[in-house]
Amino acid sequence: MTTPAPDAATASAVEAVLTLGDIDASQVAALLAGYDLKLELLPHDAEIPGSYWGAPEAGLIGSTVYARADTPVHSLLHETCHLIVLPPERRAAIHTDATDSIEEENAVCVLQALLGDQLAGVGRHRVLDDMDRWGYTFRLGSARAYFEQDADDAFDWLRQRNLLPAHAA
């Protein structure tokens, strides 16, 4: 699975992704707060600190997720999940890149979809569809196929660490 920023060929699909400005940001902030994380909403033209791929992708530094109104919801959830899967004592050292392993990255992709269910107007299917629009790649051809047919190891990884949301356990 890879998560590149989209190129010009995918520009129209990218315009169709759900952004933070399309939903209630206070819901997102409350979701993050439940994991002892903070959402820092930035002005539209601001650089996004800690963004691995660059704006408009979300960024991470410590326990803060940085985003703008044009940040895709799937990106914000993905970066949030990188922090959720880390023990709190490791979060303080995070800046931009938080992945330890392929297994962790797979678990993050599953968890971001599950957290989508906790946001009104989002849901797992929208997150998975937007991951495909943005250019994530999976061996079964789509994020939804991965989630539904090939993610047992990721679910197990989350379950072993008590990180599955109650609605998914």
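Predicted model: local features only at pLDDT ≥ 70, side-chain atom pairs only at ≥ 80, totals over all residues.
Strands (E, at least two residues) and helices (H or I, at least four) are DSSP runs, numbered from the N terminus, and two strands pair if DSSP finds at least two bridges between them. Strands of a sheet pair through backbone hydrogen bonds, either parallel or antiparallel.

Let us look at one pairing. S1 and strand S3 (residues 64-67) run in the parallel sense and share 4 bridges. Glu 40 stands opposite Tyr 66 in S3.

**The core**

In soluble globular proteins, nonpolar side chains tend to be buried together. A nonpolar core is a set of buried Ala, Val, Leu, Ile, Met, Phe, Trp, Tyr and Cys residues joined through side-chain atoms within 4.5 Å. Buried means under 20% relative accessible area, exposed over 50%, and partly exposed in between (1.4 Å probe, protein chains only). Which members of the largest nonpolar core touch the most other members? Of its 50 residues, they are Ile 23, Val 28, Leu 76, Val 110, Met 131 and Leu 158. Among the elements that give two or more residues to this core are H2, S3, H3 and helix H5 (102-116). H5 gives the most, with 8 residues.

Leu 76 touches Leu 20, Val 28, Leu 32, Leu 39, Ala 58, Val 65, Ala 67 and Thr 71, leaving aside residues up to four places away in sequence.

**Rings**

The structure holds 3 aromatic pairs. Rings of Phe, Tyr and Trp (its six-membered ring) pair if their centres lie within 6.5 Å; planes under 30 degrees apart count as stacked, over 60 as edge-to-face and the rest as tilted. Two of these pairs are listed here:

| Pair | Centre to centre | Angle between planes | Type |
|---|---|---|---|
| Tyr 52 and Trp 53 | 5.1 Å | 80° | edge-to-face |
| Phe 147 and Phe 155 | 5.4 Å | 65° | edge-to-face |

Tyr 52 is partly exposed at 46% relative accessible area, and Trp 53 is partly exposed at 37%. Phe 147 is buried at 9%, and Phe 155 is buried at 15%.

Arg 161 lies over the face of Trp 157, 3.8 Å from the ring centre. For this, NZ of Lys or CZ of Arg must be within 6 Å of the ring centre and within 35 degrees of the ring normal.

**Backbone details in the loops**

A cis peptide bond, with omega about 10°, joins Ala 55 and Pro 56. Pro 56 is in the loop between S1 and S2. Asp 36 is not a glycine, yet has a positive phi of about 60°. Asp 36 sits in the loop between H2 and S1 and is exposed, at 65% relative accessible area.

**How to read the values**

Residues are numbered from 1 along each chain as its sequence is written, and side-chain values use heavy atoms, with hydrogens and water left out. Local features need pLDDT of at least 70 and side-chain atom pairs count only at pLDDT 80 or more, while totals for chains, interfaces and linings use all residues.

Terms used:
Contact = heavy atoms within 4.5 Å.
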